[in-house]
Amino acid sequence: MSKNLKIALVDDDKPNMEVLHDFLVRSGYHHIEKYYNGEDFLKSLHLHDDRAVVLDYHLSESGGMNGLEVLEKIKHASPNTHVIFYSGQDSLDIAVESLKCGADDYIVKSAAGVVLLKTAMDKVYQIQVLKSKEKRSQILSWAFVALWILTILAFTIFR
Amino acid sequence: MEIIDRLSAGDPEKRCYYINLFLEVLEPELKRMQADDILTGANQELLRQILHKLKSQVQTIGEHETHQSMNALELKISKGQRAEAYDLSPIIEQLTVLIRNLQQQLE
């Protein structure tokens, strides 16, 4: 089943990125973009960005931004964007810091981590489905109220 | 190799594709690790960077023992302690075996 969730993978580790990409595609996620550094991803970021972001912590040896800095910028520009850390850094301090900064989850890179990440994506997907259902029912109730007002108005005018 | 098996789902071409993806990184990084400035301990920061880069890859492939050795050595350098040749040689050995195994699977 195809799942309508847009995902952005931000990682400079090509083999892990490819494995993760193909695993998510096999799990039904077909709208996946790849970014090999935080700067390129941030250029594509916009307000109310509905992409789920999978972010590495250690993004570059050449002095680029690390994952936490990218996370802060994401939360500043688009607070509701879901961010999941997928990192080789098995550090409790970094995990706690990232969750404090607004990350949804922190998963350590491994074979099991790939499966855990897919589960985390399923959770984000469920949240988005619920939100869009809620939005649709809100629009329907407003439409019903508008129709009701119009009916009363029409009834008053033509009586 | 569980994740590669799962992704390739019995397709030998796909399996080779994933193995090659990892080999493209593992082989040159092993060579960098065997360079003189690393073996003599002169460039500790470069060694830490190489270990960091490789540890998540070997973990994804499922080489937990190699991952643990790399993680421990990376941590040691991060704490400001010096990595000695005897710390590095078992890692180089494990990596060499892993690369040889991956290459054999391509044949």
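Which elements of chain A do the buried residues of helix 3 pack against? This is a predicted model, in which local features need pLDDT of at least 70, side-chain atom pairs count only at pLDDT 80 or more, and totals for chains, interfaces and linings use all residues. Residues are numbered from 1 along each chain as its sequence is written, and chains are lettered from A and ligands numbered from 1 in the order in which they are written.

**View 1. Helix 3 of chain A and its packing partners.** Helix 3 spans residues 67–77, with Gly67(A), Val70(A), Leu71(A) and Ile74(A) buried (20 or more other C-beta atoms within 10 Å of the residue's own; exposed is 12 or fewer, partly exposed in between; C-beta atoms are placed from the backbone). Down the helix axis, these buried residues fall within an arc of 100 degrees, so they line one face of the helix. The arc is that of the directions from the helix axis to the C-beta atoms. The buried residues pack against strand 1 (3–10), helix 2 (38–44), strand 3 (52–55), strand 4 (83–87) and helix 4 (92–100) of chain A. Helices (H or I, at least four residues) and strands (E, at least two) are DSSP runs, numbered from the N terminus.

**View 2. The surroundings of Ile84(A).** Not counting residues up to four places away in sequence, Ile84(A) touches Ala52(A), Val54(A), Ala103(A), Asp104(A), Asp105(A), Ile107(A), Leu117(A) and Ala120(A). Contact means C-beta atoms, placed from the backbone, within 7 Å. Ile84(A) also belongs to the largest nonpolar core, of 47 residues. Ile7(A), Val10(A), Val54(A), Leu55(A) and Ile84(A) touch the most other members. Helix 4 (residues 44–61) of chain B gives the largest share of this core, 6 residues. A nonpolar core is a set of buried Ala, Val, Leu, Ile, Met, Phe, Trp, Tyr and Cys residues joined through C-beta atoms within 7 Å.

**View 3. The side of chain A that touches chain B.** Here 16 residues of chain A are in contact with 16 residues of chain B. Helix 1 (14–26) and helix 5 (111–158) of chain A each give two or more residues. Helix 1 of chain A supplies the largest share, 7 residues. The chain A side divides into 5 nonpolar, 4 polar and 7 charged residues. Ala, Val, Leu, Ile, Met, Phe, Trp, Tyr, Cys and Pro count as nonpolar, Asp, Glu, Lys and Arg as charged, and the others, Gly among them, as polar.

Terms used:
Contact = placed C-beta atoms within 7 Å.
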